[in-house]
Amino acid sequence: MDEQPTTAGKRENDLLGQVIRFGVVGVLSAVVDLSVYTLALHLGLWVHAARALSFVCGTSTAYALNRRWAFGVEGGRRRALGFVLLYGTTFFVILGVNALALAVLPDRWWTVTLAWAISQGFGTVCNFVMLRTVVFKD
């Protein structure tokens, strides 16, 4: 006789699936983010304005894909507002992390990209935890 997975087992499988899907969405959103950031810098935009613009583009991609695919939830005013509040907060956090990284890292050809990656990584971890436990929680 086959055993049914326990509720805890279902949650663990669900968590793993969400982490994987969130990771795929994150990579795609990061590609959008970094592409916009790089293009904006090449066009002469101020580094912090470029980071803000790239964040908005990456975040828009992340919302659309995470809501429907990674977390499989319907939209709605509460979820949209929660997402905007979370990512609005994360926006200021990643700008601060990016600025801090630019201030402490050595001035090399890779510094701007590494500062972006550090700020992106920090924001990604914060966002997953908050999306799973608050914004997209069933």
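This report describes salt bridges, a pair of packed helices and the cysteines in a predicted model.

**Salt bridges**

| Side chains | Distance, N to O |
|---|---|
| Arg 132 and Asp 14 | 4.0 Å |
| Asp 33 and Arg 51 | 3.0 Å |
| Arg 68 and Glu 74 | 3.1 Å |

The side chains of Arg 132 and Asp 14 meet in a salt bridge, and because Arg 132 belongs to helix H4 while Asp 14 belongs to helix H1 (residues 7-42), this pair ties together parts that are 118 residues apart in sequence. Arg 132 is partly exposed at 23% relative accessibility, and Asp 14 is likewise partly exposed, at 36%.

Asp 33 and Arg 51 form another salt bridge; Asp 33 lies in helix H1 and Arg 51 in helix H2 (residues 47-70), so here the linked parts are 18 residues apart in sequence. Both of these residues, Asp 33 and Arg 51, are buried.

In the bridge between Arg 68 and Glu 74, Arg 68 is partly exposed with a relative accessible area of 49%, whereas Glu 74 has a value of 54% and counts as exposed, the cut-off being over 50%.

**Helices H3 and H4**

The axes of helix H3 (residues 77-104) and helix H4 (residues 111-135) come within 8 Å and cross at roughly 150 degrees, and since angles over 145 degrees count as roughly antiparallel, that is how H3 and H4 are described. Their crossing is right-handed, and the contact of H3 with H4 has 17 nonpolar, 7 polar and 2 charged residues.

**Cysteines**

The structure holds 0 disulfides. Cys 57 is partly exposed at 27% relative accessibility, and Cys 126 is partly exposed with a relative accessible area of 32%.

Methods: Residues are numbered from 1 along each chain as its sequence is written. This is a predicted model: local features need pLDDT of at least 70, side-chain atom pairs count only at pLDDT 80 or more; totals for chains, interfaces and linings use all residues. Side-chain values use heavy atoms; hydrogens and water are left out. A disulfide is a pair of cysteine sulfur atoms within 2.5 Å. Buried means under 20% relative accessible area, exposed over 50%, partly exposed in between (1.4 Å probe, protein chains only). Axes are lines fitted to C-alpha atoms, for helices over the stretch in contact, and angles run from 0 to 180 degrees between N-to-C directions. Helices (H or I, at least four residues) and strands (E, at least two) are DSSP runs, numbered from the N terminus. Angles under 35 degrees count as roughly parallel, over 145 as roughly antiparallel, 65 to 115 as roughly perpendicular and the rest as oblique. A crossing is left-handed if the near helix is turned anticlockwise from the far one by less than a right angle, and right-handed if clockwise. Ala, Val, Leu, Ile, Met, Phe, Trp, Tyr, Cys and Pro count as nonpolar, Asp, Glu, Lys and Arg as charged, and the others, Gly among them, as polar.
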